[in-house]
Amino acid sequence: MKRRRLPSGWHLVLAPMSLVTVLPFVWMVLSSLMTQAELNRFPPPIWPDAVDLGGYQRVLEGSNFPRWFLNSVLVSGTIVVAQVVLCGMAGYAFARIRFVGSRLVLVLVIATALIPFQLTVIPTFLIFNKVGLTDTLGALIVPQLSSAVGIYLMTSFFQSFPKELEEAGRIDGCSRFAVFFRVVLPVAKPALAALAVITFITAWNDLFWPLVVINSEAKYTVQVGLTTFQGQHRADWPAVMAGTVLTTLPVLGVFLFGQRRFIQALTGAVKG
Amino acid sequence: MTSTATALSRASRHSTPPDRRRLADNITGWTFAGPATLIILGFSLVPMAWALALSFTDSDLMSPGRNVGLENYRALVADPVFHQALRNTALLLLLYLPASLAAGLAVAVLLNRKVRGIGFYRTCFLVPYVASATAAGLLMGYIFDRDFGLFNGLLVKLGLPAQGLLSSPSQAMLVLTVIFFWTRFGFSVVIYLAALQEISKEVVEAAAIDGAGRWATFRHVIVPSVRHMTVFLAVWGMIDVLQFFDLVMTTTKGGPANATVTIVYYVWQLAFTYFTAGYGAAVAYVLFVGTLVLIVAGMLLARRKGATR
């Protein structure tokens, strides 16, 4: 007979480690609820004396934060929808349809993942400058309408996807398009959701490109806005922390909600 | 049922002439894959070539600039800030990469057993990875602030001397490395954990029966079987480190005294704040070629090691 297992001793190692990892975020929330006077004390308090929502008020009313937030929602939302559709279609084609040049193009696409954005950023800026699209939300969206990682993920997903379903659809006389949209997409939902989660997190968190291509304050994304807000309100830490909390909530929500898909996408991209 | 379906589809395919079907496949294939590939290739290969051309000019971002030949590359050799950026990036790479691989594997091994709450721990380790570098930078920039930060506050409470941290030329890069490690190592945990879950129990048990201790099992069974993930994580980590920007931007802005300027931060400064885009492109190209050399060298090394095993 087996003895009942005691809780593993490894909790003694793992628990403090995970605490150290997460505590800064807990304190981020706590400090966003403090007053400026409290945070200007040294050493700073760990716990707020009383809940003070002044920081949230100052960042929401004293800056363009709601606008930046909306911009981020628009930009990331469009990117997610576009990538799910375009990368889904491309992945399906690479996995299923034999067409001229498909092998070569797929290899090229995956190889571009090795090109750092910092190398291409200056010409990319010049391209948008030429067509007069710098300082628009469109400039944030267009380069991210599809991604090498997305195509790679979807291709490897459809390669392991049973063929029978589509073939049944094709006998019913549906065109490839109809089969793709009516039969394949609904079944591919888990993979598409994984792609959506990973794309949203990347798009929402992007700082470099918006910083380069956006000038006017009204078109900032939340990440750029927050960075400049901190530059201008160095002393108002509760407001900066309140902005940080509000910026982190959407990704954290999507991550916690879609965690299984997110981890699938990360590990799937590696294994494939 | 499925077999009749395939049989039927085969029959229906034979009813259309093969040439027409091949043409149709080409058209649908390209309609499906065209838009996505066009965007990716258009925004990578074209700018890549353009950047090379730019690096031979004195472009100021607004006018095309004139051809200066290898002048930018020559200037780079003598540029002290570029040297500093190289040193800072190299330091980050040397400290971060081994640490994240070792810690990632260690934690993954701890998590890969029937411990309750694996999911909870894994979530905790991933939270900093998911949060934006902006948020992480602002938060940690505050925690590690010399004058008001929580970290120095704790040191003082413990009776230890307060440190210069992000305001100290000698400590700033180290503090940034710690922050970077904190935001990134959850990724290696998840990747290693996925690899560990693929190792069959029988192999580990067989090793135990053969009298291998825990350490020997780890050393001779686990480490070799996750080797392909180690290679991947090393390559990925290198790309990650060489693109280190957001945390610098939101904490030190390269200071104090260029102590935290990284290559990418320098590229950004050159092109978009000093408007020396041609020179910036040259720095970016050196970064790119350096990355490729490191990656290829790393992969060759991994392959050679794998062959001798």
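Biologist: Where does UniProt place the feature "domain: ABC transmembrane type-1" in chain A?

Modeller: This is a predicted model, and the name of the feature comes from a record. An unreviewed UniProt entry assigns "domain: ABC transmembrane type-1" to residues 69-258 of chain A. In the model, that span is 76% helix and 0% strand, with its end C-alpha atoms 21 Å apart.

Biologist: Which residues of chain A carry the annotation "transmembrane region"?

Modeller: The unreviewed UniProt entry gives residues 12-34, 68-92, 104-128, 140-158, 179-204 and 237-257 of chain A. Such an annotation can be set beside the modelled coordinates. Residues 12-34 of chain A are 91% helix and 0% strand, and 32 Å lie between the end C-alpha atoms. Residues 237-257 of chain A are 100% helix and 0% strand, and here the end C-alpha atoms are 29 Å apart.

Biologist: Which residues of chain B does the record annotate as "transmembrane region"?

Modeller: For chain B, UniProt (unreviewed entry) lists residues 30-53, 90-111, 123-144, 173-195, 226-245 and 282-302. Residues 90-111 of chain B are 100% helix and 0% strand, with end C-alpha atoms 31 Å apart. Residues 282-302 of chain B are likewise 100% helix and 0% strand, and their end C-alpha atoms lie 30 Å apart.

Biologist: At what angle do the axes of helix α5 and helix α9 of chain B cross?

Modeller: An angle under 35 degrees counts as roughly parallel, one over 145 as roughly antiparallel, 65 to 115 as roughly perpendicular, and the rest as oblique. The axes of α5 (residues 80-111) and α9 (residues 172-196) of chain B cross at roughly 40 degrees and come within 7 Å. The two helices are therefore oblique to each other. The crossing of α5(B) past α9(B) is right-handed. Where α5(B) meets α9(B), the contact residues comprise 20 nonpolar, 5 polar and 1 charged.

Biologist: How are α8 and α11 of chain A oriented, roughly parallel or roughly antiparallel?

Modeller: The axes of α8 (residues 148-159) and α11 (residues 189-205) of chain A cross at roughly 165 degrees and come within 10 Å. α8(A) and α11(A) are therefore roughly antiparallel to each other. α8(A) passes α11(A) in a right-handed crossing.

Biologist: How is burial to be read, and how many residues of helix α13 of chain A are buried?

Modeller: A residue is buried if 20 or more other C-beta atoms lie within 10 Å of its own, exposed if 12 or fewer, and partly exposed in between. Helix α13 (residues 222-232) of chain A is mostly covered, with 8 of its 11 residues buried. The buried residues of α13(A) are A:Val222, A:Gln223, A:Val224, A:Gly225, A:Leu226, A:Thr227, A:Phe229 and A:Gln230.

Biologist: Is B:Asn88 buried or exposed?

Modeller: B:Asn88 belongs to helix α5 of chain B. B:Asn88 counts as buried because 25 C-beta neighbours lie inside 10 Å. B:Leu101 is also in helix α5 of chain B, but B:Leu101 is partly exposed, with 18 other C-beta atoms within 10 Å.

Biologist: How far apart in space are B:Leu101 and B:Ala234?

Modeller: Separation along the chain and separation in space are to be read as two separate quantities. B:Leu101 and B:Ala234 are 133 residues apart in sequence, and 7.5 Å apart in space from C-alpha to C-alpha. For B:Asn88 and B:Tyr142, 54 residues apart along the chain, the C-alpha atoms are separated by 22 Å. In chain A, A:Val179 and A:Val13 are 166 residues apart in sequence and 52 Å apart in space, C-alpha to C-alpha.

Biologist: Which domains does the assignment give for chain B?

Modeller: The assignment gives domain 1 (2-36) and domain 2 (79-275). Taken over C-alpha atoms, the centres of domain 1 and domain 2 of chain B are separated by 48 Å.

Note on methods: Residues numbered from 1 in each chain as written. Chains lettered and ligands numbered in written order. Predicted model: local features only at pLDDT ≥ 70, side-chain atom pairs only at ≥ 80, totals over all residues. UniProt positions renumbered as here; feature names shortened; annotations may be inferred. Helix = DSSP H or I, 4+ residues; strand = E, 2+ residues; numbered from the N terminus. Axes fitted to C-alpha atoms, helices over the stretch in contact; angles between N-to-C directions. Left-handed = near helix turned anticlockwise from the far one by under 90°. Nonpolar A, V, L, I, M, F, W, Y, C, P; charged D, E, K, R; others polar. Domains from an automatic or database assignment.
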